[in-house]
Amino acid sequence: MFVRWMSDARTTEFLAVRSPIGQAMEERWFEDMLDHHGRDRWFFVIALLADERPVGSIDLHAVDLTNGGAGLGILIGDPADTSQGYGSDAIRALLDFGFGELRLQRVWLDVYDDNARGRHVYERIGFVQEATFRRGLFRHGRYVDVHRMAILRDEWPSAGGTGQAG
């Protein structure tokens, strides 16, 4: 399933993936994920409640429990499953986990300049732009800016914050 998702250019359009992955590469990635899960990375499959069908994945990576920070990554596998609210729901659940269970203070993510839809979703959830890495990524024959966005614990309603960014 992950090999199929990661080999679809529509799915990886806004990921730092340079080429399709094969079964062996996916297995190595999965083994590495298991080695790090629960230490400096937390990885979850996004599945529908109704029938438990997997629709994507979400993770906290570069988890730094000393300083209270982590990066967030998300993938909705099948393009037909985008714009259904699955990603937003998964991000909210992961933020509850990160701010509640892991006691994080800050969760950040990177969004490419040409991913307006993703950026809108992140802003609606409460992420705010902190920085722009100009020409931070080369993809599809050109350089694109990469925007770092973050949300703080006290900006997240489930963590006792107001839910208002800023």
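**View 1. The hairpin of β5 and β6 has two residues between its strands.** Here His140 takes a positive phi near 55°. Strand β5 covers residues 128-139, and β5 and β6 pair in the antiparallel sense over eight bridges (strands are DSSP runs of E with at least two residues, helices are runs of H or I with at least four, and both are numbered from the N terminus; two strands pair if DSSP finds at least two bridges between them). Look for Arg139, whose bridge partner in β6 is Arg142. This is a predicted model, in which local features need pLDDT of at least 70 and side-chain atom pairs count only at pLDDT 80 or more, while totals for chains, interfaces and linings use all residues. Residues are numbered from 1 along each chain as its sequence is written, and side-chain values use heavy atoms, with hydrogens and water left out.

**View 2. Strand β6 also joins β4.** Seven bridges link β4 (residues 106-112) to β6 (residues 142-152), and the two strands run antiparallel. A handy landmark is Tyr112, which stands opposite Val146 in β6.

**View 3. Strands β1 and β2 form a hairpin with six residues between them.** In the turn, Glu52 has a positive phi of about 65°. The antiparallel strands β1 (residues 42-47) and β2 (residues 54-64) are joined by six bridges.

**View 4. Helices α3 and α4 pack at an angle of about 45°.** The axes of α3 (residues 86-101) and α4 (residues 116-125) lie 11 Å apart (axes are lines fitted to C-alpha atoms, for helices over the stretch in contact, and angles between N-to-C directions run from 0 to 180 degrees). That angle makes α3 oblique to α4, a class left over once angles under 35 degrees (roughly parallel), over 145 (roughly antiparallel) and 65 to 115 (roughly perpendicular) are set aside. From α3 come Ser88, Ile91, Arg92 and Leu95, and from α4 come Val121, Tyr122, Arg124 and Ile125 (contact means heavy atoms within 4.5 Å). Five of the contact residues are nonpolar, one is polar and two are charged (Ala, Val, Leu, Ile, Met, Phe, Trp, Tyr, Cys and Pro count as nonpolar, Asp, Glu, Lys and Arg as charged, and the others, Gly among them, as polar).

**View 5. Arg92 and Asp89 meet in a salt bridge.** Their side chains come to 4.0 Å, N to O (a salt bridge is a side-chain nitrogen of Lys or Arg within 4 Å of a carboxyl oxygen of Asp or Glu). Because Arg92 and Asp89 are three residues apart in helix α3, about one helical turn separates them. The structure holds seven salt bridges.
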